[in-house]
Amino acid sequence: MPIEPEEQERERRNLAEALRSLRLASGLSGERLAVRCNMSQTKISRIETGRALPSVIDVERILKALAVPDGVSQDLLDLARQANVDYASWRTYARIGLYRKQAELKALESSSHAIRHFLPAIPTGLLHVREYAAATLSPAVAGEPARDVRRTVEARMERQAILDDRARSFWFLMTEQAVRWQRAATGTMAAQCAHMAEINGKPNVEIGVLPQGIHVPGTPMNIFVVYDDRLVTVELFSGEVVLRDPRDVTQHLNLFELFWSHALTGDRATRFLEEASQAFMRQRD
């Protein structure tokens, strides 16, 4: 069920107020609580005033330091988990300008060093050629919001420059279906596959492909991206969910490693993509 922004803000405010009330009831100062939690007093203050969102682990440490009873602790931990989840609909992004989402992604990528994309359905925007980007951004289903396709495509193309920043490492893991799903004309598909094969030669980029016909002990359910070990974004038909709980991040890192261990990588992935490009070219002929 989508999480409304107003509800998110209310949950975060309630969590901050509850933690502050529990500390005051315990008779501890912010400084003493900080020592018990091995946190800075500034962080405790920011959490209690709602200026910083604590992780679930932060809340666990605070509750343990305050010796909060199990029943109350569980309620607050549940609230912390809810507060650490964001949801934004594509309709909202379209209303403010979908190109602004590209700027948000660029900032997130620029602040990360290791970025892992799991792509069971379609290649991500960092890998797109211009024509493929235009095809994927054009509304195709009744009820989809209108968007400025030209401006968004330009923003997506500009964003791809980060792939040349060797201070950052990128892993793109696709299923064979994601590679072969014909989302655009065959000529565009051929160019898209050839482009991905070329990108796989960049020193800070690794592309993996999960071929059909092999046993993989996992189900590729959603597109997700892991930024370092701090947050995960998960794409849905209706929007995007952001997860910040360290346990959610670890779970998605483990999922990525599971799928990656069964993928074609390196030269084998490059050959697969080149062969897919050639197959689309033959269809075009």
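Tutor: Let us begin with charge, for which Lys and Arg count as positive and Asp and Glu as negative, while His and the chain ends are left out. By that count, the chain carries 37 positive and 37 negative side chains. The centres of these two sets lie 3 Å apart. Please bear in mind that this is a predicted model.

The chain contains 13 helices and 7 strands. Its C-alpha trace spans about 80 × 40 × 35 Å along the principal axes. Of the 285 residues, 48% are buried. The accessible surface of the chain amounts to about 14,700 Å², and carbon and sulfur atoms provide 50% of it. Among the contacts with a separation of 6 or more, 75% are between residues 24 or more positions apart.

We now turn to the part you asked about. A pair of aromatic rings is described by two values, the distance of the centres and the angle of the planes. Rings pair if their centres lie within 6.5 Å, and the count by this rule comes to 4 aromatic pairs. One of them joins Phe-118 and Phe-224, with ring centres 5.1 Å apart and planes at 35°. Planes under 30 degrees apart would be stacked and planes over 60 edge-to-face, so the pair of Phe-118 and Phe-224 is tilted. Phe-118 belongs to strand β2 (residues 114-119), whereas Phe-224 belongs to strand β5 (residues 224-227). The pair therefore ties together parts that are 106 residues apart in sequence.

Phe-118 has a value of 1%, so Phe-118 is buried. Phe-224, at 4% relative accessibility, is buried as well.

Another aromatic pair is formed by Phe-256 and Trp-260, with 5.8 Å from centre to centre and 15° between the planes, and this pair is stacked. Both of these residues lie in helix α12 (residues 246-260). They are 4 residues apart, about one turn of the helix. Phe-256 is buried because its relative accessible area is 1%. Trp-260 has a relative accessible area of 15%, so Trp-260 is buried too. Finally, Phe-118, Phe-224 and Phe-259 form one aromatic cluster.

Lys-101 is located in helix α7 (residues 98-110). At 6% relative accessibility Lys-101 counts as buried, and its side chain makes a polar contact of 3.1 Å with that of Glu-104. Leaving aside residues up to four places away in sequence, Lys-101 touches Trp-90, Tyr-93 and Glu-240.

Ile-47 is part of helix α3 (residues 41-48). Its relative accessible area is 2%, so Ile-47 is buried. If residues up to four places away in sequence are set aside, Ile-47 touches Ala-16, Leu-19, Ala-52, Pro-54 and Ile-62. From Ile-47 to Ala-34 there are 13 residues in sequence and 11 Å in space, C-alpha to C-alpha.

Arg-151 is a case in between. It sits in helix α9 (residues 149-159) and, at 41% relative accessibility, counts as partly exposed. Although Arg-151 and Gly-97 are 54 residues apart in sequence, their C-alpha atoms are 9.1 Å apart.

Most residues other than glycine have a negative phi. Asn-38 is not a glycine, yet has a positive phi of about 60°. Asn-38 is placed in the loop between α2 (30-37) and α3, and at 68% relative accessibility counts as exposed. Ala-67 is likewise not a glycine and has a positive phi of about 55°. The loop between α4 (56-65) and α5 (70-83) holds Ala-67. Because its relative accessible area is 63%, Ala-67 is exposed.

Definitions and conventions:
Residues numbered from 1 in each chain as written. Predicted model: local features only at pLDDT ≥ 70, side-chain atom pairs only at ≥ 80, totals over all residues. Heavy atoms only, no water. Helix = DSSP H or I, 4+ residues; strand = E, 2+ residues; numbered from the N terminus. Buried < 20%, exposed > 50% of the residue type's maximum accessible area, 1.4 Å probe, protein only. Contact = heavy atoms within 4.5 Å. Areas by Shrake-Rupley, 256 points an atom, 1.4 Å probe, with all protein chains shown as cover. Charge placed at Lys NZ, Arg CZ, Asp CG, Glu CD. Polar contact = N/O pair within 3.5 Å; in protein donor to acceptor, adjacent residues only side chain to side chain. Phe/Tyr/Trp six-rings, centres within 6.5 Å; stacked < 30°, edge-to-face > 60°.
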